[in-house]
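Hi everyone, thanks for coming.

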Amino acid sequence: MSGPSIDLSTVLIATGNAHKLVEFKRLLPGREVLGQNDVPAVTGVDVEETGSTFEANAKLKAVEISRRCELPVLADDSGLCVDALDGQPGHLSARYGGPGLSDVERYQKLLEEMTDVPDERRAAHYAAVVVLALRGEVLRTGVGECHGRLLTAPRGDGGFGYDPIFFVPEHELAMAELTPEQKDSVSHRARALAGAIGED
């Protein structure tokens, strides 16, 4: 989606997730990239993700946080979509299995559900939507996907979320085994961000 020119030399990422913030900083070199914890007006503000799609949730966060500060805001919603589970956990990926679970507990639950599913039916993809907003108005939206399949056991100690159980065909490695540069070259979030900031 195209949109107006805007000064993105300093941007606020609508997240309190330290892993996600590190990734955004890496994807936005040459810019000052702040998280919610860096801006008092939005520190501790938790926008409830009540939408039924990645785009709806990203817009909820971008609009609400951008209403509370003067900076351009980038918000993303992303998750893992498994073909054999009709696209689940999808936009509920961060809450899969119920509240309070760790990343490891979530992907272990997913592996258990896929125990008897053969390799040829383990196709999955990461999806992301990144929304750029300013003062409560959505300016641009970017969408990205990364296709692969689910492993039967975790591999690697990099990344976060479901990365240890997601196999990336381009590199023949689990997402959690990739270097940051390799991950950025195929990342759903990188692709969505490029669209949101007008660099796709």
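The helices (H or I, at least four residues) and strands (E, at least two) I'll mention are DSSP runs, numbered from the N terminus. Now, what you're looking at is a predicted model, where local features need pLDDT of at least 70 and side-chain atom pairs count only at pLDDT 80 or more, while totals for chains, interfaces and linings use all residues. Residues are numbered from 1 along each chain as its sequence is written, and side-chain values use heavy atoms, with hydrogens and water left out.

Let's begin with the sheet. Quick reminder: strands of a sheet pair through backbone hydrogen bonds, either parallel or antiparallel. Here, 7 strands make an open sheet with mixed pairing, and the order across it is β2-β1-β3-β4-β5-β6-β7. Which strands stand at the edges? They're β2 and β7 (173-174); each has a single partner strand, so one side of each has no neighbour in the sheet.

At the β7 end, strand β6 (residues 166-168) pairs with β7 in the antiparallel sense, over 2 bridges. If you want a spot to look at, find V168, which stands opposite L173 in β7.

Now move to strand β4 (residues 123-134). On one side, 10 bridges join it to strand β3 (residues 73-82), and the two run antiparallel. Look for A75, which sits opposite V131 in β4.

Is β4 mostly covered or mostly open? Covered: 11 of its 12 residues are buried. By buried I mean under 20% relative accessible area; exposed is over 50%, and partly exposed is in between, with a 1.4 Å probe and protein chains only.

So what lies across the sheet? Helix α5 lies across β3, β4 and β5, and runs at about 160 degrees to β5. For angles like that, axes are lines fitted to C-alpha atoms, for helices over the stretch in contact, and angles go from 0 to 180 degrees between N-to-C directions. Since 8 of the 9 residues of α5 are buried, it's largely enclosed by the rest of the structure. Among those buried residues are H188, R189 and L193. The covering includes α1, β3, β4, β5 and α4.

Let's zoom in on one of those neighbours, α1. Two packed helices are described by the angle between their axes and the distance between the axes. For helix α1 (residues 18-27) and helix α5 (residues 188-196), the axes come within 11 Å and cross at roughly 55 degrees. That makes α1 oblique to α5. The cut-offs are under 35 degrees for roughly parallel, over 145 for roughly antiparallel, 65 to 115 for roughly perpendicular, and oblique for the rest. Which residues meet? From α1 it's K20, E23, F24 and L27, and from α5 it's R189, A190 and L193. Contact, by the way, means heavy atoms within 4.5 Å.

Next, a few single residues. K183 is in helix α4 (residues 180-186), and at 6% relative accessibility K183 counts as buried. Leaving out residues up to four places away in sequence, K183 touches E23, R26, G159, F160, D163, M175 and L178.

G35 is in strand β2 (residues 32-35), and it's buried too, at 2% relative accessibility. Setting aside neighbours within four places in sequence, G35 is in contact with L12, I13, T15 and L21.

S93 is in the loop between β3 and α3 (103-113). Its relative accessible area is 4%, so S93 is buried.

E120 and R149 are 29 residues apart along the chain, and their C-alpha atoms are separated by 8.8 Å.

That's my tour, thanks!

Technical notes. Pairing = 2+ DSSP bridges.
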